Amino acid sequence: MFLAPPRELSKTFQPTSGNLLAPLHSLTEPVKLLQEIKRLQLHKMRGFVVLVTLACLATAQHQALIDYLERRLLAIEDRISLWHEQTTRYASELRDLKQQMVSQLENLDKEKETLRTNLDSVGTRVDRVERELDYLETQNGAQPCVDVDDKLIEQQVTLVKEKQKAKYSKLSDCSDMISNIKAMKILKRVGGPKGMWTKDTGRASGRVYIFNGTDEDTIYEFATVQDFTRSLGMSLSKNVRLPSSWRGTGHVVFNSHAYYINQVDEITVVKYDLKNSSVKDSTVFPVQDHVPVYGLTPETLMDLAVDEEGLWAIYATRQNERHISIAKMDANSLDIEQMWDTNCPRENAEAAFVICGTLYVVYNTKQPGRSRIQCVFDVNGMVTNEDAPLIYFPKRYGAHSSLKYNPQEQLLYAWDDGYQILYKLVMKQKLEI
């Protein structure tokens with residue numbers, strides 16, 4: 001009896017499709033599997049080697065970077081240490097400099113106090129010397145304005161003969177003359193370096209008028225001196241536009257009329273009604289060959305003045321070029337009533353005014369100094385240069401471009417380098433000389 005083979009074995013050796021070699025092919029599969037395993041293991045080994053290599057390279061780069069950073073930090077620490085040393089040294093030097101400066105400032109303060117004391121002492125001595133000089137000049141009766149020569153003597157002789165033929169008839173009983181200048185008051189500073197300001201010299205008005213400049217056509221009118229003083233510039237003024245420009249600073253306001261000098265071809269005196277805003281009258285001054293009346297104020301060809309007796313014109317001509325002349329005018333018609341040639345020189349004269357028929361000429365120097373009344377001329381012959389005292393203005397080293405006398409107040413309205421100034425006068429009788 002035959003035994004049957006196992007079912008698995010019989011299946012194995014069963015012929016497949018009549019091919020008896022099929023079991024041999026199935027025996028090669030484990031070999032391929034082993035080869036695949038070996039190949040995979042080889043790849044794993046290679047990857048591991050690459051990773052190890054990359055890890056080594058990364059470690060080397062990190063170490064180089066760490067070394068570089070350490071070197072930079074050491075360099076920064078060295079610089080910080082150097083900066084610290086320099087800062088300490090600079091701080092020490094600054095402390096030393098501060099101590100030196102404090103010491104020098106203390107010395108400068110001491111020297112400043114010493115200098116101030118010396119200057120005060122010098123100022124006191126200068127004031128004393130000025131007072132002594134003023135006294136000596138007054139006592140000695142200095143007369144630098146009198147220039148005596150043969151030609152002048154002949155002119156004086158001729159003038160005396162003319163006076164004898166036509167004696168001036170006074171319009172008032174005024175016989176005052178200046179004894180001294182009592183006080184000075186600076187009201188404000190407005191306008192340019194040259195100009196004229198005045199109050200209406202008539203009895204019924206207290207208005208103030210500003211003629212700013214030497215070639216303009218607009219007058220600034222203020223209701224009172226107080227309005228002018230508290231005004232910011234010309235803000236509180238009324239503008240009065242003239243029909244023509246004025247020339248120089250020789251203008252006056254009298255009884256609500258502005259009398260001003262205009263020049264085109266000839267010198268013209270214009271009378272302008274301030275109430276009606278119209279020209280009331282005008283006249284050509286009947287003198288030829290005019291020259292500036294004041295040597296130090298060349299813009300003023302003729303100067304008008306008002307006193308207790310009315311309107312005056314102060315002028316100069318080439319015929320009497322070295323000296324000043326004066327004429328009495330009718331304030332209503334602008335006619336010339338009488339004319340005089342004086343012995344007051346034009347040279348170094350800066351301004352003039354008239355009080356009770358007496359002309360007072362003010363002199364200065366080309367470099368503005370202390371103004372002084374150094375020459376007088378009385379049309380009535382009551383006052384002479386020999387009798388009149390030499391009067392200095394209060395100590396103010398400037399230059400007057402105009403001086404206007406107000407007979408109602410006995411004040412001088414002065415324009416000094418843009419400053420508006422009032423001078424209070426002390427009077428005495430002419431016969432008291």
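Four strands make up an open sheet in the order β6-β7-β8-β9, with antiparallel pairing. Here strands (E, at least two residues) and helices (H or I, at least four) are DSSP runs numbered from the N terminus, and two strands pair if DSSP finds at least two bridges between them. At the edges stand β6 (252–254) and β9, each of which pairs on one side only. Neighbouring strands of this sheet are turned by 25° against each other on average, direction ignored; the axes are lines fitted to C-alpha atoms, for helices over the stretch in contact, and angles run from 0 to 180 degrees between N-to-C directions. Strands of a sheet pair through backbone hydrogen bonds, either parallel or antiparallel.

The model is a predicted one, in which local features need pLDDT of at least 70 and side-chain atom pairs count only at pLDDT 80 or more, while totals for chains, interfaces and linings use all residues. Residues are numbered from 1 along each chain as its sequence is written, and side-chain values use heavy atoms, with hydrogens and water left out.

Within the sheet, strand β8 (residues 267–273) deserves attention: seven of its seven residues are buried, where buried means under 20% relative accessible area, exposed over 50%, and partly exposed in between (1.4 Å probe, protein chains only). Both faces of β8 are covered, with Ile-267, Val-269, Lys-271 and Asp-273 on one side and Thr-268, Val-270 and Tyr-272 on the other.

The partners of β8 can be followed residue by residue. Strand β7 (residues 257–263) runs antiparallel to β8 and is joined to it by seven bridges; Ile-261 stands opposite Val-269 of β8. The two strands form a hairpin with three residues between them. Towards β9 (residues 278–284), β8 pairs in the antiparallel sense over six bridges. In β9, Thr-283 is the bridge partner of Val-269, and Ser-282 stands opposite Val-270. The hairpin of β8 and β9 has four residues between the strands, and Ser-277 there takes a positive phi near 55°.

Positive phi values also occur elsewhere. Most residues other than glycine have a negative phi, and most peptide bonds are trans. Leu-334, although not a glycine, has a positive phi of about 65°; this residue lies in the loop between β12 (323–329) and β13 (336–345). Leu-334 is buried, with a relative accessible area of 2%. Asn-348 likewise has a positive phi of about 65° without being a glycine, and its place is in the loop between β13 and β14 (349–355). Asn-348 counts as partly exposed because its relative accessibility is 27%.

Two further loop residues show how separate segments meet. Ser-237 is found in the loop between α5 (225–230) and β5 (238–241), and it is buried at a relative accessible area of 17%. Its side chain reaches the backbone oxygen of Met-234 at 2.7 Å. Leaving aside neighbours within four places in sequence, Ser-237 is in contact (heavy atoms within 4.5 Å) with Tyr-220, Glu-221 and Phe-222. Gly-206 lies in the loop between β2 (195–199) and β3 (208–212) and is partly exposed, with a relative accessible area of 35%. The C-alpha atoms of Gly-206 and Thr-224 are separated by 5.8 Å, although the residues are 18 apart along the chain. Apart from neighbours within four places in sequence, Gly-206 is in contact with Lys-199, Ala-223, Thr-224 and Val-225.

Side chains of opposite charge can pair when their charged atoms come close. The structure holds 10 salt bridges, each defined as a side-chain nitrogen of Lys or Arg within 4 Å of a carboxyl oxygen of Asp or Glu. One of them joins Glu-299 and Lys-194, whose closest N and O atoms are 2.9 Å apart. This pair links distant parts of the chain, with Glu-299 in the loop between β9 and β10 (303–307) and Lys-194 in the loop between β1 (176–189) and β2, 105 residues apart. Glu-299 is partly exposed at 23% relative accessible area, and Lys-194 is partly exposed at 28%.

Another salt bridge joins Asp-303 and Lys-404 at 2.6 Å, N to O. Asp-303 lies in strand β10 and Lys-404 in strand β18 (residues 400–406), so the pair ties together parts that are 101 residues apart in sequence. Both Asp-303 and Lys-404 are buried.

How values were computed:
A polar contact is a pair of N or O atoms within 3.5 Å; within protein, one must be able to donate a hydrogen and the other to accept it, and residues adjacent in sequence count only if both atoms are side-chain atoms.
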